[in-house]
Amino acid sequence: MSFNVIKAGIFTTLQDRGRFSFTHLGVTNSGVMDEYATLAAHKLLDNNLNDNILEITFSNVELQANTQTTLCVTGAGCEFYINDEQKTTWQTHEIKKDDIVKIGKILEGQRVYLAVKNGFDIKKEFGSNSTTIKESLGGISGIQIKNGDILPYKSSPKNLTQRWHEEHIPTYSKELTLRVLLSYQEDSFSSQEKEKFFNSSYTVTPDFNRMACKLKGEAIASSLDGIISEAITFGSIQIPKDGQPIVLLKERQTIGGYPKIGTVLSIDCFKLSQMKIGSTIKFEEIDINSAQEKLKDFYSTFV
């Protein structure tokens, strides 16, 4: 009772919402880059929101089912086929024995998510299925999915087809504004530097992966010449000596020694994860009360 992986694609990993409470051991949180797309897939399947999912970063993935299940594909716009018949994403689909599921070209966005009913039946490590390759943890043998791998799941009966409301399906443009809470180190950035930061446009560089997104644009200067390495959080914006902002993401290192001008609202980091190289990024300030309200509204969708 499983999917046979016929074609794994260049970088497909098994993820869930992450691995928590181990950063003091140097173990990163990891987890899905786009929680919105992930939680939507699980909601449509009536899954536990902490179930695992496939995160597909490049096209050309092909799976063969060995038993009946229901699946859902969300995230980046892509070519999605069942038995060579094009299907709709952000909707559940019944899968029968010997069906072939294909993810073709990624047309809009960066990451596609494929979930099955009740998740894949794979043992957790440190309480999570999230694959962190640099630490050889999670997934299958701590690495990305390979041709010939087996993805086990429990057979499930046919369910009613469910579809995400059209108005709530995101579009992925080439421009994005990220909301930022200024950090406790903001005083090391002059008012002129902060004004420059919030009034400049930055470009997503090829240095963009599950660990971080490095941007290119107006250099920002801090009066701090480095700091003692300290814990860093999801969305932290480090300013290294070259002044080019780095937004830290799911597989960030657990400590760092660059000053931080602020932290991107987590739900905006999910949007950033879908931006292509060369996209334009801007920043705007948000206060803590507004940030908390935005987070509350976001997660209430999935309750």
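Mentor: Let us start with the lining of the largest pocket, whose residues divide into eight nonpolar, four polar and six charged. In this scheme Ala, Val, Leu, Ile, Met, Phe, Trp, Tyr, Cys and Pro count as nonpolar, Asp, Glu, Lys and Arg as charged, and the others, Gly among them, as polar. Before going on, keep in mind that this is a predicted model, in which local features need pLDDT of at least 70 and side-chain atom pairs count only at pLDDT 80 or more, while totals for chains, interfaces and linings use all residues. Residues are numbered from 1 along each chain as its sequence is written, and side-chain values use heavy atoms, with hydrogens and water left out.

Trainee: What volume does the largest pocket have, and which residues are closest to its centre?

Mentor: A pocket is found on a 1 Å grid over the protein atoms alone, as an open set of points with protein on both sides within 12 Å along at least five of seven lines, whereas a cavity is a set of points where a 1.4 Å probe fits but cannot get out; lining residues have an atom within 4 Å of a point. Grid points are joined across faces, edges and corners, and a volume is the space filled by probe spheres set on the points. Here the largest pocket has a volume of about 410 Å³, and of its 18 lining residues the closest to the centre are Tyr36, Pro170, Ile267, Lys271 and Phe298. The elements that give two or more residues to this lining are β10 (175–182), α3 (266–272) and α4 (288–300); such helices (H or I, at least four residues) and strands (E, at least two) are DSSP runs, numbered from the N terminus.

Trainee: Where does Pro170 lie, and which residues is it in contact with?

Mentor: Pro170 lies in the loop between β9 (150–152) and β10. Contact means heavy atoms within 4.5 Å, and, leaving aside neighbours within four places in sequence, Pro170 is in contact with Tyr36 and Trp90. For exposure, buried means under 20% relative accessible area, exposed over 50%, and partly exposed in between (1.4 Å probe, protein chains only); Pro170, at 26%, therefore counts as partly exposed. Pro170 and Ala76 are 94 residues apart in sequence, yet their C-alpha atoms are 8.8 Å apart in space.

Trainee: How many cavities of 30 Å³ or more does a search of the whole structure find, and which residues line the largest cavity?

Mentor: The search finds one cavity of 30 Å³ or more, and about 60 Å³ of space lies in the largest cavity. Its lining is made up of Leu44, Leu45, Asp46, Thr70, Thr92, Lys117, Asn159, Leu160 and Gln162. Asp46 lies in the loop between α1 and β3 (53–56), has a positive phi of about 55° although it is not a glycine, and counts as exposed at 57% relative accessibility.

Trainee: How should I read a nonpolar core, and which residues have the most contacts inside the largest one?

Mentor: In soluble globular proteins, nonpolar side chains tend to be buried together. A nonpolar core is a set of buried Ala, Val, Leu, Ile, Met, Phe, Trp, Tyr and Cys residues joined through side-chain atoms within 4.5 Å. The largest core here has 48 residues, and those with the most contacts inside it are Ile237, Leu249, Leu272, Ile281 and Phe283. Helix α1 (residues 35–44) gives the largest share of this core, six residues. Apart from it lies another core, of 27 residues, among them Ala65, Ile95, Leu114 and Ile122.
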